[in-house]
Amino acid sequence: MDNSRNISVDTFKFFSIGTIVIHHTYMFYYSYDRYGGYALLLLKYFIYAVRFGIPYFFICAGYFFGKSLQKGRPLGQLTRRYCGRLTQLFVLWTIIYFFIPPSFHDYVIESGYLRTLYWHFTSIHLHIWDFIRNHFVTFLFAGSRGHLWFFPAYITGILVASLFLLLKKEKYLIAFGLILYFVSLLGRSYKELPIGFNPGFEIFYGPFISTFFIAVGLRFSRIDFSRRRNYAVVLGFILIFTGLLVQFVENWFLFKYYKMIPEHAFLAGMIPLGIGVFLLSMGYQNLGKSTIFPYLGRYTLGVFVLHEMFITILK
């Protein structure tokens with residue numbers, strides 16, 4: 001991938017992490033609850049509709065994984081390298097977040113910083129054991145804080161993709177990933193439907209969400225987008241519009257017939273939305289070239305793992 005292409009990808013990474021941070025900080029969410037008004041109501045739910053960050057990151061992961069394979073790197077070695085680094089980061093940040101209780105801010109208000117830190121550090125071993133014992137599945141697939149689910153999802157998605165490549169069954173990977181994705185919808189966003197179900201845990205953990213998008217990125221890695229820039233841009237905008245429209249219809253249907261508030265983490269419309277955004281990053285190869293966005297986009301992983309810490313401490 002040439003330098004200009006990397007610039008556009010990093011620029012879109014910057015905007016992608018922005019959508020994640022905006023969602024996790026509930027920007028506009030409480031503003032509507034306090035002040036009302038149709039404009040704030042629109043912004044409140046529009047934030048849920050434009051959450052293309054996670055799909056975009058997974059597509060990029062599959063894309064660059066495929067590009068590395070094309071350079072002749074052995075599949076097993078590349079898989080171990082990806083999964084090993086991600087596992088190290090997951091374990092490290094799981095340990096770090098164990099030292100920052102989710103209710104840190106409430107404890108500080110009640111008892112002050114020093115007492116809160118003292119009480120928590122002197123009983124940290126009890127907190128860890130209780131969490132693992134009572135939330136073992138969550139601990140395996142999300143660590144000590146909810147947003148860390150991204151790492152196990154990334155790891156398991158790469159492992160599934162590598163298995164299909166090893167067995168030379170790659171042509172079935174996208175279909176398999178799509179099945180996993182819709183199973184996750186039936187167990188969460190669609191769970192009130194007659195065919196829905198309650199899995200007893202957050203079903204988007206592990207490979208359920210990541211596999212499909214990684215598979216799409218892997219397929220895109222075999223396309224020379226430098227010769228199809230206009231096509232990528234046009235198709236990208238069409239898919240983005242389609243994704244937003246599909247999510248609107250999904251939210252309307254689920255609210256009207258099943259009284260489900262339109263605050264869903266994932267919906268079917270996120271598929272065309274995420275793919276459309278990625279295609280734009282392939283079509284607009286020089287986007288952000290003269291701005292600071294590509295530079296900031298290199299640090300999206302750091303922002304991702306750290307932003308929950310600041311939310312917990314400063315909220």
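A contact here means heavy atoms within 4.5 Å. This is a predicted model, in which local features need pLDDT of at least 70 and side-chain atom pairs count only at pLDDT 80 or more, while totals for chains, interfaces and linings use all residues. Residues are numbered from 1 along each chain as its sequence is written, and side-chain values use heavy atoms, leaving out hydrogens and water.

**View 1. The fold is built from 16 helices and zero strands.** Helices (H or I, at least four residues) and strands (E, at least two) are DSSP runs, numbered from the N terminus. Of the contacts with a separation of 6 or more, 79% join residues 24 or more positions apart. Buried residues (under 20% relative accessible area) make up 48% of the 315 residues.

**View 2. A nonpolar patch lies on the surface.** Patch residues have over 30% relative accessible area and no salt bridge, with nonpolar side chains joined within 5 Å and like charges within 9 Å; a salt bridge is a side-chain nitrogen of Lys or Arg within 4 Å of a carboxyl oxygen of Asp or Glu. Phe248 sits in helix H13 (residues 229-258). Because its relative accessible area is 57%, Phe248 is exposed (over 50%).

**View 3. Lys71, Arg73, Arg81 and Arg85 form a positive surface patch.** Lys and Arg count as positive, with the charge placed at NZ of Lys and CZ of Arg. Arg85 belongs to helix H5 (residues 75-98), and Arg85 counts as exposed because its relative accessibility is 52%.

Terms used. Areas by Shrake-Rupley, 256 points an atom, 1.4 Å probe, with all protein chains shown as cover. Buried < 20%, exposed > 50% of the residue type's maximum accessible area, 1.4 Å probe, protein only.
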